[in-house]
Amino acid sequence: MSIDFENSFECSHEMEKFLCQRLLDQSQPVPERFRALFSLRNLKGSLPREALVRATRDPSNLLAHEAAFALGQMQDVEAVPDLEEVLKDLSLHPIVRHEAAEALGALCAEDVVPLLKNTLIEDPTLEVQETCELALRRIMEQKNFKNGDETFPEASPFFTVDPAMPASLDCSIGQLREVLLNEEEGIYERYAALFALRNQGDDEAVKIIIESLGARSALLRHEIAYVLGQLQHKMAASALADILKNVDEHPMVRHEAAEALGSIADAESVDLLKEFANDPEPIVSQSCEVALNMLEFERSGKSFEASL
C-alpha cells in the first residue's frame, strides 16, 4: 500500500504508551496492531522506536517485517544496532531479515557496510542477499551525493525512502523498459528503472511495470507489486489478482499483491481479498485482512492511524 510519511501527528505520552502496548499485544487482531504500527511510524523518540524494535521479533512475520520497514522509513539511526541483530538472526523469517537489510540501506549508516557485505556473500536466502546488494549500492550513492560527486535526486513523490535511487530523468521510457526487463542487468539498475517509471506514472509506464512482473527475481517482483499499489492504477488489477491466486508464488510477492489490490479497491479486488483472507500462508491471509480493514476505514472517511 502507498504510505504517506509526510503527514505526521502529535499525541500525548499516554496515547504513545497505548499505541506501543497495542502494537505488542499479541491477543489483538493483526489489523488492530497494524493501526498502532502505522501511527507509531509517524512519531519520534525512544518509546516508539523500542516498541517497533520489539515488534521485529513478533510471531506474525507480516507485522515483524512491517516494523523493520517502519524503522528504516523513520530515519532513526538509533535503530541501526537492533536492525543489524535482526539481519544476523537466521532463526527469523527471511521476509523480516530482508526488511531489516533494506532499512539499514535506508538509514545509510556506513558502519553497517561490513555486515551487509558479509551477508551478501554468506546468507542462505537469495532475497536477503539481493537486498544487501541494494542496500550497499544505496549507501554508496548517498555517499557520492554528500561528496558532491553526483546530483541529489528529487524526493520520492510518495514520501517514501526507496531502496534505490530512480534512474536519470535523461533516460527515455524505452531505455527504462529495456533495463527493467533485462535479466542480465543488476538488481539495483532494475530497481532504479522501476522507480523512474513509477515516478513517471502514466499509462505507458504502468504497462511496462506490469510487464515486468515476469521477472525471475522474487525480490524484484515483490517490489513491482508494491509500486503498483502505490500507483493504484486499475490497469494492474488483473495481473495482481493472478499473483495472489498463484499458490506457487513466493509469499512476499503474494503479500504485496494483496496490499496493492487493497489500494486499487475495485469490486473484484475486494472479493478476492475476502477469499484469500483464509489462505493457509499467514503472510498472505494477514495481508488480506489488513488490506480489507484499511479499506473499511478509508471508505468510512476515517483515518486508519488516528482512529485508535
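## Basis of the report

Contact here means heavy atoms within 4.5 Å. Helices (H or I, at least four residues) are DSSP runs numbered from the N terminus. The structure is a predicted model, in which local features need pLDDT of at least 70 and side-chain atom pairs count only at pLDDT 80 or more, while totals for chains, interfaces and linings use all residues. Residues are numbered from 1 along each chain as its sequence is written, and side-chain values use heavy atoms, with hydrogens and water left out.

## Two domains

The chain is divided into domain 1 (13-147) and domain 2 (173-300), with bounds that come from an automatic or database domain assignment. Taken over C-alpha atoms, the centres of domain 1 and domain 2 are 21 Å apart. Domain 1 gives 22 residues to the contact and domain 2 gives 21 residues.

About 1,900 Å² is buried between domain 1 and domain 2, and carbon and sulfur atoms give 68% of this area. Buried area is the accessible area (1.4 Å probe) that two parts lose on being put together, summed over both.

## Helix packing

Two packed helices are described by the angle between their axes and the distance between the axes. The axes are lines fitted to C-alpha atoms, for helices over the stretch in contact, and angles run from 0 to 180 degrees between N-to-C directions. Angles under 35 degrees count as roughly parallel.

Helix H9 (residues 173-181) and helix H11 (residues 203-211) have axes that come within 10 Å and cross at roughly 10°; the two are therefore roughly parallel to each other. In this pair, Ile173, Arg177, Leu180 and Leu181 of H9 meet Glu204, Ala205, Ile208, Ile209 and Glu211 of H11. The contact of H9 with H11 has 6 nonpolar, no polar and 3 charged residues, where Ala, Val, Leu, Ile, Met, Phe, Trp, Tyr, Cys and Pro count as nonpolar, Asp, Glu, Lys and Arg as charged, and the others, Gly among them, as polar.

Helix H6 (residues 94-107) packs against helix H8 (residues 126-146) at an angle of about 5°, with the axes 8 Å apart, which makes H6 roughly parallel to H8. The residues of this contact of H6 with H8 comprise 8 nonpolar, 3 polar and 3 charged.

The axes of helix H12 (residues 218-231) and helix H14 (residues 251-264) cross at roughly 5° and come within 8 Å, so H12 is roughly parallel to H14. The contact of H12 with H14 divides into 9 nonpolar, 3 polar and 2 charged residues.

## Salt bridges

The structure holds 15 salt bridges, each a side-chain nitrogen of Lys or Arg within 4 Å of a carboxyl oxygen of Asp or Glu. Across the interface of domain 1 and domain 2, the rule finds 1 salt bridge.

Aspartate 76 and arginine 49 meet through their side chains in a salt bridge (2.7 Å, N to O). Because aspartate 76 lies in the loop between helix H4 (61-73) and helix H5 (80-88) and arginine 49 in helix H3 (residues 46-55), the pair ties together parts that are 27 residues apart in sequence. Glutamate 189 forms a salt bridge with arginine 137, with 2.9 Å between the closest N and O atoms.

Note on methods: Parallel < 35°, antiparallel > 145°, perpendicular 65-115°, else oblique.
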